[in-house]
Amino acid sequence: MTAAVDRNVVPVPTGLRVRREPRWTNHMEPVTPVTGRRLSGNHWWDPDRLAHEVDMPKFCPSCAEPLDAEGSIAVEYWEGEHRVFHVRCHACDWSGEVKRVERMVGHEPPHE
Amino acid sequence: MLKQELNEQLTQVGPGTPMGDLLRHYWYPVAFVRELDEWPIKKVRLLGENFALWKQPDGGYGIVTELCPHRRASLVYGVVEEEGLRCGYHGWIFDETGQCLDQPAERDETGFADRVQTFAGEAEAMGGMVWVYVGPSPAPELPRFDVYVDEGFKDVGHATLPCNWLQIMENSVDPHHVEWLHGRYFKFLGEQKGYLAPPGFQKKHEKVGFDEMEWGILKRRVLEGMSEDNDDWAVGHPLVFPYCMRVGGAGIEQMQIRVPIDDTHTWTLFYSSHQPPGLTEFPEQVYPTDYEFPWLDEDGNHLVDYIEGQDIMAWVTQGDINDRTGEHLGKSDIGVIMLRKMFREQMALVAEGKDPTVGITREPHDRIGLPCEKDKFGVDYTEFALSWLSMGNGRYSPSLDQAKKLYLEAAAARGDSAWTVAAADELMSKFTGFDEVRANEDSAQ
C-alpha cells in the first residue's frame, strides 16, 4: 500500500521537474522528388490565380523594362478589395506599388 | 501571390540555379567540432550537393566533392592522412585544395595525378561548429557574429526538417505570427491541457517595421501597451541574410540557423549563447552542448506544446515547397514581400558576376555585433529567460539545469532576490508536462 504524498513536505526539486522525454520519431515519409514535378495546390482555374496572371504588371511603370527580368519582381498582396502589386525594377531600381482600380470611389466629406 | 516560375526560382538551391548561385556566396555550418573530434570524416549534404568533410591531423578542415573522381566511390569512407583524404577504394589521395597527390596503382612518371583535381571548398571552425564555403573563389570572410564569438554558456538544439529553407526564412519577417501561433494558439492549447502559455507572447502587435541593413532586414514591433521607446522597436532584431535570424532577450543571445540541405530539406539550428546581465564568467565548456530535439510524436503528429515545435508545424505543413501561387498575402505581410524583393535583387547581382551586397564581407574582422533587443515583450528578464528555456526547444537540452542556474545566479548578482530556485521551479511547474511528471511520480510511489 502506497502512502499518500503530502505535497507540503515534498522537498522542492533543485533540478528541472518539467522536462519530459516523450517518445518521438522525427520521422516523416520521404518527399516526392522535385525534378519534373509541378507544384500543386490550388487548381489552375482558381479565380484568384487567374486574376493574378491577368492583373500582374508586365513592365516597369518607370522605365518600361520587363518585370520578369532578372532582379525584378512583382509580388501580389491584398488590401481590402484591391489587389496590390509591390514592384521592384532591377533596370532602374524603381520600387513602388501598382493597384488595379475597377471603380472610383471617394470618401464622403464630413458634414453635419 | 507569385507566379509558379518565380516560386520555383526562389526555392531551388541546386548548382546552376539563380538562387543556388546566390547561396553559394555564403558560409554555412555543417557539423559540430565535437563530431569530427569523435570521427574525423563526415558526409555533408549542402545546397543539393554531397561532400566529404574531414579534420586534418594538423587541426584544420577540408571539404571536397563526395565522390572520388577515379571510379566515383564515396570519399566519406576514406582514410585521413597528413597530406589529405585518401579514397578507401583505390587509394587516390586529395589535399584540401582538391589536388590529387597520389595514385598508388599508376606509374609516377605519367603525371596523371597532376591532371586530376576534384572540387574543394573551404572549411574552418568557429563557435564549436565547422563552417564551409562551397562557392566561387575567392571566399568572402567567415562572418564572426557576436553570438558565436562572445563569451557565454552555449547550447545548440537542432533538427532536420522536410521543407524548403525559404518558408522558414519568410517566417522570420512575419512578426504577427508570434501573437497568434505562440500567443492565442498556445493559450488555447494550455486551456485545453491545463498548462500556462507564456503571456508575453500574447500581446497584440500595434505596428511592425522593416529596415534594410548591410546584414539583412531589421525587424521591429510595437506591442499593445508599449511604445517606440521599447527595445522591440528601438532596437529590434535582424533577419541575417540569407539564412539566419538573430534573436534573443534577457541575456539569451541566439542565432536561428537554417541550412539549405537541398530543395526540400533544411537543417535548422537554434544556437544560444546564454549571457545573462550581471554575470561575466560562465561555466567552462569543451564544446557547446548539442542535441537533437523532437518535433513529431510517435504517431507522426507535430509536437506543438513548445515554441519552436509550433513554428515547425507551420513551416512543414506548408508542404515540402510552399506553393505560393495559392497564397493570399495582406498588408501585414510586407516583411515577406521585402525579403523576396531582396532575394531577387541579390540573385541578379550574382548573375551579373558581382558580389551580393547584403550579408557578406571581405574585410578581416574579429567580431560583428548585431542589433538585438534585451528587454523582450516588456517581460521581467528572469521570467522571460525561464519561460524561453522551458517553453522552447531548450527543454530538451541536456544543459537545461545549468542554464536555469545561470539565470538565477544572474538575478541574484543584479540584486533581484525574488528569484530563488523554488520560485523558478514554481514558475516552470506551471508549464507543460509538470502535472504529467508528478502524476507519474505519484503512481510510482
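Predicted model: local features only at pLDDT ≥ 70, side-chain atom pairs only at ≥ 80, totals over all residues.
I began with strands β6 (residues 85–86) and β7 (residues 93–94) of chain B, which pair in the antiparallel sense over two bridges; strands here are DSSP runs of E of at least two residues, helices are runs of H or I of at least four, and both are numbered from the N terminus. Two strands count as paired if DSSP finds at least two bridges between them. Looking up B:R86, I found that its bridge partner in β7(B) is B:I93.

Residues are numbered from 1 along each chain as its sequence is written, chains are lettered from A and ligands numbered from 1 in the order in which they are written, and side-chain values use heavy atoms, with hydrogens and water left out.

Next I looked at the cysteines. I found zero disulfides over all chains, a disulfide being a pair of cysteine sulfur atoms within 2.5 Å. The sulfur of B:C100 lies 7.3 Å from the closest cysteine sulfur, in B:C68, and this is too far for a bond. B:C100 has 1% relative accessibility and therefore counts as buried, where buried means under 20% relative accessible area, exposed over 50% and partly exposed in between, with a 1.4 Å probe and protein chains only. B:C244 is in no disulfide either, the nearest cysteine sulfur being that of B:C372 at 13 Å; at 5% relative accessibility, B:C244 counts as buried.

I turned to the nonpolar cores, each a set of buried Ala, Val, Leu, Ile, Met, Phe, Trp, Tyr and Cys residues joined through side-chain atoms within 4.5 Å. The largest has 73 residues, and those with the most contacts inside it are B:L46, B:L53, B:I257 and B:F343. Helix α9 (residues 334–351) of chain B gives the largest share of this core, eight residues. Apart from it I found another core, of 32 residues, among them B:L189, B:I307, B:M391 and B:A403. B:M391 is found in helix α10 of chain B and counts as buried because its relative accessibility is 0%.

I then checked helix α11 (residues 400–413) of chain B, whose 14 residues should span 20 Å at 1.5 Å a residue, and its end C-alpha atoms are 20 Å apart, which agrees; the expected span is 1.5 Å times one less than the number of residues. Its buried residues include B:L400, B:A403, B:Y407 and B:A411. The buried residues of α11(B) pack against β11 (153–161), β16 (252–262), β17 (265–274), α10 (381–391) and α12 (421–429) of chain B, contact meaning heavy atoms within 4.5 Å. Just after α11(B), I noted that B:G415 takes a positive phi of about 85 degrees.

Last, I took the whole chain: chain B has 13 helices and 18 strands, and 62% of its 445 residues count as buried. Its C-alpha trace spans about 80 × 55 × 45 Å along its principal axes.
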